[in-house]
Amino acid sequence: MKTKANIRLDRWLAEHSNLSRSEAKAAVRAKRVKVDCHLAISASQKVDSEAVILVDNELVAIRVPQYVMLHKPLGVICATIDGLHQTVIDLLPPAFKTLHPVGRLDKETTGLVILTDDGQWSHRVAHPKYNCEKRYLVTTKWPIPEATIERLLAGVVLRDDPTPVAAKSIDRLADNQLMITISEGRYHQVRRMIAACENRVMQLHRTNIGSLELDISEGEWRQLTPEEVSSLA
């Protein structure tokens, strides 16, 4: 038995073919699309996961979503294309060129980046309301007093942002080095939290996203296991 129809045809085509949604709508209007041997009625009609869909009488194969862990080096940017700098996509094989980073690390931050072509999963992992915790190794310019740790845990006000933000947990590793866990994802959040406490981040390295821990060397990548994918969203 087929699963319940649950996705618009134009969206399905945008996800599984080389057509954009506008191109998919145009193809349906031009009677170039068939669903289960019948001409598509509308770009908004719902299709199910077992539907057989053809464009110009050629079968559109269902794409299997990809999920990749990457250890981002210093100086690499979290973008798909950039004319000046090396991107995280540049570090992957050609088969993964359609992926996008889930959330961002700035150019000067190293560590764990996830890439995928699964838009809904990416949204759940990256969106602050889902509280997917991120863990960072932070090295500061000056020693960090206990009072600063207490402030970070209680909540600090960031520049140009009136809503206080707090660290979820903090472990001291050295006089100027902390392991900080956050559950939000504001712009440059860790750097700005440290700046709010009159200190400066010299090195920033992400080690964890949720239960996923970085376990590969700098510049390397690997695919996530199904269990890891399920654990994040």
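**The nonpolar cores and their surroundings**

The largest nonpolar core has 33 residues, and Leu92, Leu115, Val138, Leu152, Val156, Ile180 and Met193 touch the most other members. A nonpolar core here is a set of buried Ala, Val, Leu, Ile, Met, Phe, Trp, Tyr and Cys residues joined through side-chain atoms within 4.5 Å. Buried means under 20% relative accessible area, exposed means over 50%, and partly exposed lies in between (1.4 Å probe, protein chains only).

The model is predicted: local features need pLDDT of at least 70, side-chain atom pairs count only at pLDDT 80 or more, and totals for chains, interfaces and linings use all residues. Residues are numbered from 1 along each chain as its sequence is written, and side-chain values use heavy atoms, with hydrogens and water left out.

Helix 5 gives the largest share, four residues. Helices (H or I, at least four residues) and strands (E, at least two) are DSSP runs, numbered from the N terminus.

Take Leu92. Beyond its neighbours within four places in sequence, Leu92 is in contact with Val68, Leu70, Lys97, Leu99, Leu115 and Trp221. Contact means heavy atoms within 4.5 Å.

A second, separate core has 17 residues, including Leu9, Leu13, Val33 and Val47.

Helix 1 (residues 9-16) packs on helix 2 (residues 21-29) at an angle of about 120°, with the axes 8 Å apart. Helix 1 is therefore oblique to helix 2. Axes are lines fitted to C-alpha atoms, for helices over the stretch in contact, and angles run from 0 to 180 degrees between N-to-C directions. Under 35 degrees counts as roughly parallel, over 145 as roughly antiparallel, 65 to 115 as roughly perpendicular, and the rest as oblique.

From helix 1, Leu9, Asp10, Arg11, Leu13 and Ala14 meet Arg21, Ala24, Lys25 and Val28 of helix 2. The contact divides into five nonpolar, no polar and four charged residues. Ala, Val, Leu, Ile, Met, Phe, Trp, Tyr, Cys and Pro count as nonpolar, Asp, Glu, Lys and Arg as charged, and the others, Gly among them, as polar.

Helix 1 also holds His16. His16 is buried, at 14% relative accessibility. Leaving out residues up to four places away in sequence, His16 touches Val60, Ala61, Ile62 and Arg63.

Ser122 sits in helix 3 (residues 119-126). Ser122 is buried at 8% relative accessibility. Leaving aside neighbours within four places, Ser122 is in contact with His100, Val102 and Thr116. Asp161 belongs to strand 12 (residues 161-165). Asp161 counts as buried at 18%. With neighbours within four places set aside, Asp161 is in contact with Arg186 and Arg192.

Now two loops. Asp36 lies between strand 2 (33-35) and strand 3 (38-39). Asp36 has a positive phi of about 50° and is partly exposed, at 26% relative accessible area. Asp56 lies between strand 5 (53-55) and strand 6 (58-59). The phi of Asp56 is positive, near 55°, and Asp56 is partly exposed at 42%. Most residues other than glycine have a negative phi.
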